[in-house]
Amino acid sequence: MIQVKNLYHDYSGKGKHAVNDISFEINKGEIFGFLGPSGAGKSTVQNIMTGLLKLQKGEVLYQGKAINQMKNSFYNEIGVSFEHPNLYAKLTGYENLKYYAGLFSVPTLDPMELLERVGLLESANKRASAYSKGMKQRLVFARALINNPNILFLDEPTSGLDPSTANKIKEIIKEKQQDGCTIFLTTHNMFAAEELCNHVAFLNDGKIVASDSPRNLKLQYGENSVKVEYQKDGLKKKIFFLDKEEDKKEFNEIVNKEKIQTIHTQEATLEQIFIKLTGRELA
Amino acid sequence: MKAFINLFKKDMVIALRNALIWVLIGTLVLLVGFVRFLMPEDFQQNQSQYIYDKSQEQVLQKVFTQSEGGNFTIVNSQKALEASLEKNPYSIGVVFEGSIDQPQFSILHQKNISEKNQRIINASLEKLIAGLRGIERTQQYQVEFLRQQAKVIPKNLTSVPVLLTFEVLIIGFLFIAVFMFQEKNEGSIRAYQISPGGVFLYIISKVMVFIVIGLLYGLSFVLLTLGTSVNLLTLSLLIVLGVALYTLIGIIVAVFFNNISDWFFVGMGVLTLNILPAISYGLPTFAPKFITIIPSYSIMSALREVLFPTGKSIVPALNMLIIGNILAFGICYLVVKRRLMKEGQ
């Protein structure tokens, strides 16, 4: 369905690539998670894939057709939810959706129904400038769905939302997938990715460091780990992969010398695998 | 068409909810009040001329007592003359001595008098004396007018074309920049970029919004100052072409900046350049080529002709504006497509 081949992007034009030789494929009806810390190049890739950023080097193909040859009608097929809410502040929530819907030449969804789905029905007639950050985030998400797209690009769709609202959004994402929608999910929230994605790719410093289904990644890179909380100039937390000699040695040292508060064995999470592969945390 | 109407409605709603609409209404009220009630119909200074007849025969005194003294007002003493001059610093005092056959005039004045005015005073006095001697001078020149003479326009109303041109400039050039920076700042332009709307609709919608606002403003201003005796159709056509041209130029410039502070120097530079033709409007003999090619010059001249017809053709101005609009649209399309609709360039 979507193929990205040897993608590069250089903002400065001085050979410092924000995206460096990235390739992946997304199958129809799949939720593809693009995971990485801030500044890893996730949004850059999404922006190139949506045509917001000019393609410099590489290929982005939709059913074999290159993004730079797509006409405006391509946008009838896709929906994009941005990380930073970008709404017409002087329009109400309802007007933001209504006027946006009017730009499409395909049947669109009822703005009021969408507002109800994301929990904004009561604020439908309030200006977007009066919305909280979470409300704006939900409105941007609803806007991405207005044209009932076949491909959805979601950039941190649950960021800044309370757990209950975030669950509501995740439910809608799952429903869209069941309807056959292909979803490109950009996030640094590994728990959301693990819950939603069929396939994930870890991105670090503009490069993909691993790409597979969450289960396969766990099988391939996951090691049983131990999480230790101990007191040393305040509360410290550390995860040890006991299969590794270095970690085992350090773990023994801490258990023997420091004041331990809790010890838990745990299955490796995507976050831990990411840390293991890149040496970086996600947040 | 559906997409255009939708986009136009959205832009119109945003424009009407913007503070700029209140700025425009306030400006309209101020300008109408200024033209109708504050500006005088005539700017001429009160250059009264007083004459004191110090001669023995007092011929002038007698003549002026019996009949009107033309441009001159007769006074009875040197003191009265000086008092009159003191009262009005721009007035001229004349002291007549000698006789009708050998007149001597002394001119008294507070301010500097130009050489031209000195000659006019000389001519007036010569004519006065010649009249008293019974000599009738025949006119030695003939005046022919190339066109039918236009009515004399009250000075306060002559400002209407200039103010209307500035309105076209401000609405088109300045407000579109404010509008676009608002979209850039709130990021809503990014949402439009990934919609099927496209460049053409984006430009046309913005231009239409400012044409509607410009027409409402321009027609209100003219109707409230000059009344209904104006060719409203031609006036509307000029406003439409003028606002469209300056909105397009406004977009072309604003595309390269992200906020009003970055835009300020370049934007104000372009705005100032386009205000220069007002100098030529005030001093018609000063119209160098570089001023006449500025679009606001054509708009100003054509507006003057539409509002105060003298028989001149406005077709060249209309042609210039049409060509200007086509060129500006082409450039605008390219810069919007390459700079505004694509990021990271």
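Into which domains is chain A divided? This predicted model counts local features only at pLDDT of at least 70 and side-chain atom pairs only at pLDDT 80 or more, while totals for chains, interfaces and linings use all residues. Residues are numbered from 1 along each chain as its sequence is written, chains are lettered from A and ligands numbered from 1 in the order in which they are written, and side-chain values use heavy atoms, without hydrogens and water.

**View 1. Domains of chain A and chain B.** Chain A splits into domain 1 (2-218) and domain 2 (223-266). Their C-alpha centres lie 38 Å apart. Chain B is assigned domain 1 (12-39 + 159-340) and domain 2 (49-133). Here the C-alpha centres are separated by 53 Å. The bounds come from an automatic or database domain assignment.

**View 2. The interface of chain A and chain B.** Chain A brings 29 residues to the contact, and chain B brings 29 residues. Contact means heavy atoms within 4.5 Å. About 2,700 Å² is buried between the two chains, and carbon and sulfur atoms give 58% of that area. In chain A, the residues that lose the most area to chain B are A:L52, A:Y88 and A:L103, together 26% of what that side buries. Buried area is the accessible area (1.4 Å probe) that two parts lose on being put together, summed over both.

View 3. One salt bridge is counted between chain A and chain B. It joins the side chains of A:E95 and B:R17, at 2.7 Å from N to O. A salt bridge needs a side-chain nitrogen of Lys or Arg within 4 Å of a carboxyl oxygen of Asp or Glu. Eight residue pairs are in polar contact across the interface, both residues at pLDDT 80 or more. A polar contact is a pair of N or O atoms within 3.5 Å; within protein, one must be able to donate a hydrogen and the other to accept it, and residues adjacent in sequence count only if both atoms are side-chain atoms.

**View 4. The side of chain A that touches chain B.** Helices α1 (42-50) and α2 (93-101) of chain A are the elements that give two or more residues to this side. α2(A) gives the most, with five residues. Helices (H or I, at least four residues) and strands (E, at least two) are DSSP runs, numbered from the N terminus. The residues of this side divide into 15 nonpolar, eight polar and six charged.

View 5. B:K10 sits in helix α1 (residues 2-16) of chain B. B:K10 is buried, with a relative accessible area of 3%. Buried means under 20% relative accessible area, exposed over 50%, partly exposed in between (1.4 Å probe, protein chains only). Leaving aside neighbours within four places in sequence, B:K10 contacts A:Y88, A:L91, A:Y99, B:E183 and B:K206.

**View 6. Two loop aspartates of chain A.** A:D205 is in the loop between β9 (199-204) and β10 (207-212). Although not a glycine, A:D205 has a positive phi of about 50°. A:D205 is exposed, at 53% relative accessible area. A:D233 lies in the loop between β11 (225-231) and β12 (235-241). A:D233, also not a glycine, has a positive phi of about 55°. A:D233 is exposed, at 79% relative accessible area.

**View 7. B:F64 in chain B.** Helix α3 (residues 59-66) of chain B holds B:F64. B:F64 is buried, with a relative accessible area of 10%. The C-alpha atoms of B:F64 and B:V75 are 9.9 Å apart, with the two residues eleven apart along the chain.

Terms used. Ala, Val, Leu, Ile, Met, Phe, Trp, Tyr, Cys and Pro count as nonpolar, Asp, Glu, Lys and Arg as charged, and the others, Gly among them, as polar.
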